[in-house]
Amino acid sequence: MKHIIEVKNLTWKYDKKTILSDINLSIARGTLTGIIGPNGSGKTTLLKNISSVLKPQRGSVFIEGKDILDYSARQLAQKMAFVPQNTNMDFDFTALDVVLMGRNPHLGRFQEESQEDIEIAQNAMRMTRTLEFQDRKITTLSGGERQRVIIARAIAQETDIILMDEPISNLDIRHQVDILNLIQDLVQNHGKTIITVLHDLNLAAHFCEEVLLLKNGRIYSKGTPKEVLTPDTVKDVYEIKVKSLNPFSDDTPHLIPYLSK
Amino acid sequence: MKSYYANKRKYGLLAIFLALFIIIAGLAACTVGSANISIMDSLKMIMQKVPFVRQWIGAEFSSTHQAIVLNLRLPRVILAALVGAGLAVSGAVFQGMFKNPMADPYVLGVSSGAALGATLAIILGLRTALGGMAWISIFAFCGAVVTIFMVYSLARGKTKTSVTALLLSGTAISSLITACISALMIFFRNRMEQVILWTMGSFSGAGWNDVLWALPLILLGIIVSHLFARDLNILLSGDESALHLGVNVEAVKKILLLTGSLTTAASVSVSGIIGFVGLMVPHIVRLLVGPDHRVLIPFSALAGALFLMITDTIARTAANPIEIPVGIITAIFGGPFFIYLLKRKKDSVV
């Protein structure tokens, strides 16, 4: 099948409130897709429906052509990893222990982590520049450092698909660029399919091949960043005025909001 | 503190050392008691029963002395170790599952269900039953098991069972049952003392039957809990994260619930309700070796066994010839020790 992820007629409600209405989308293998939209537009909900943590009231999600409900938790975790927004860890595991949890879907009940698993975990930490923390307790790391450890955990899971919910919101600008470069590398050189919710429109525009813009639980627009991120669209969805610039004289639009009244 | 893998060898050696220490302490416990039997004699009597060693021990011992050491003290010491291990592991499992450091083995009402069963047996005046097993123990176990199912059924949601629902359900049903027990005690006032003594928890009168009854259940409970140790670690990051990491959260919670409850039910049915062990031992062990359940569970078992074995020995010898209920000793020794440990950790770096 051409598309690794397909969502058909997805509707999700919380009690009586409809959060997602009639979502239809397909994600091609080996692409980097950004989900953007205002707060409350349903981005995290959509991601969690794809990851199977939330079950749709109507519609279905298909991973590699198979309905997500037909997968066991273990099988699904071998195909998809998830990087959550909040990474509060109250327990004193070391960073390496946390990254090793990413190997869980590949281990049988009676199996222990092997030297190979440890190397996979350490490699993942090397990629996110967190190897130096491997023996430190995760509770002693800063929010940004913790976030990079969790991303390493997702990489160590060795899945075809990685879903990320605002993976760089807590990071400083250097690490934001570092991680986005890493994500791009994972897609281009390791063949992964990554869907990430992002807040920064310009970073999304620069790194994502495809962008899904949500408004009020519906897909307002999908396509390349150049197609989707225009001042008119942004005005309609975010209700702010922006100016579009091309500071690097390439095709990627840069949107700067008008700040003064 | 380094990762689990760096420390695995060290912990393995420590566990073996601790296990040996328990065996030695157990033998020592068998040599003390209200009957006047010398230490050497007690040890010799036990060694005579051990296959390879017995040929070196030629002495003859009186049948009463043998009965006391081999049929009273030895099974009692073993039972105390078993129950200590069982309660500590259940406590560790529930604390992990509920992500609540205040959880103990009795949090789901197992203790009150067992108490009701025991109360009924006491009121009906039932004594020994099938194969020498006391009716009180059988009734207590059944009471515990029925309560577990009631608590779970009440708390069960459509697709998942929330931890809060379980805790509330446990508290609700516990209160109801405790009210019933109180009512029964008023109507059968002549049995009240016996009921209260049972609930205080004690190993007096423990025999090999109790060991044979508790051993398979508690051992199974500890082994199953250890098999799910990695899942427990992952559950600590939250249900959603656990699902994303391939843990079948609903199934694992059900299994751990059942395991923890049955282990507790087995313990309570032979010893009454001994407090403190299930709550504090996992805490103390966690302060010393960390939150990783692959280490926490085996060490809680060992520490719980040692702790209850020693406190029960004190309970039966301290106020010779009166026996103090072991639950009182556990509280007296445990509380202050935990305060000391907490203070030490607070003053140290992080």
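How many bridges join strand β7 (residues 161–165) of chain A to β8(A), and do they run parallel or antiparallel? Select both strands: 5 bridges join them, and they run parallel. Strands here count as paired if DSSP finds at least two bridges between them. Helices (H or I, at least four residues) and strands (E, at least two) are DSSP runs, numbered from the N terminus.

Before you go on, some housekeeping. This is a predicted model, in which local features need pLDDT of at least 70 and side-chain atom pairs count only at pLDDT 80 or more, while totals for chains, interfaces and linings use all residues. Residues are numbered from 1 along each chain as its sequence is written, and chains are lettered from A and ligands numbered from 1 in the order in which they are written.

**Stop 1: around β8(A)**

Stay on β8 (residues 193–197) of chain A. 5 of its 5 residues are buried, where buried means 20 or more other C-beta atoms within 10 Å of the residue's own, exposed means 12 or fewer, partly exposed is in between, and C-beta atoms are placed from the backbone. Show the side chains: T193(A), I195(A) and V197(A) point one way, I194(A) and T196(A) point the other way, and all are buried. In a regular strand the side chains alternate between the two faces of the sheet.

Now pick I162(A), whose bridge partner in β8(A) is I194(A).

Together, β7(A), α6 and β8(A) make a right-handed β-α-β unit; right-handed means that, with the strands pointing away from you, the path from the first strand over the helix to the second runs clockwise.

**Stop 2: the antiparallel sheet**

Select β2, β1, β4 and β5 of chain A, in that order: these 4 strands form an open sheet with antiparallel pairing. The edges are β2 and β5 (66–67), each of which pairs on one side only.

Zoom in on β1 (residues 3–14) and β2 (residues 17–28) of chain A, an antiparallel pair with 8 bridges. L10(A) stands opposite I23(A), and K13(A) stands opposite T18(A). At the turn of this hairpin, 2 residues lie between the strands, and D15(A) takes a positive phi near 55 degrees.

Then look at the other neighbour of β1(A). Strand β4 (residues 58–63) of chain A runs antiparallel to β1(A), with 5 bridges, and I5(A) stands opposite I63(A).

**Stop 3**

Select α1 (residues 43–50) of chain A and colour its buried residues: K43(A), L46(A), L47(A), N49(A) and I50(A). They cover an arc of only 160 degrees around the axis, which puts them on the same side of α1(A); the arc is that of the directions from the helix axis to the C-beta atoms. After the helix comes S52(A), with a positive phi near 85 degrees.

Jump to R129(A), in the loop between α4 (115–127) and α5 (143–156) of chain A. R129(A) has 15 other C-beta atoms within 10 Å, so it counts as partly exposed. Draw a C-alpha to C-alpha distance from R129(A) to V99(A): 13 Å in space, and 30 residues apart in sequence.

**Stop 4: where the chains meet**

Which elements give two or more residues to the side of chain A that touches chain B? Overall, 25 residues of chain A are in contact with 23 residues of chain B, contact meaning C-beta atoms, placed from the backbone, within 7 Å. The elements to select are α2 (73–79), β6 (80–83) and α3 (95–100) of chain A. Of these, α2(A) gives the most, with 3 residues.

**Stop 5: zoom out**

Chain A has 9 helices and 12 strands, with C-alpha atoms in a box of roughly 60 × 40 × 35 Å along the principal axes. Buried residues make up 43% of its 261 residues.

Switch to chain B, which has 14 helices and 0 strands. Its radius of gyration is 21 Å, close to the 20 Å that the globule rule gives for 350 residues, so it is as compact as a globular protein of that length. That radius is taken over C-alpha atoms, and the rule is 2.2 Å times the number of residues to the power 0.38. In chain B, 47% of the 350 residues are buried.

Terms used
Contact = placed C-beta atoms within 7 Å.
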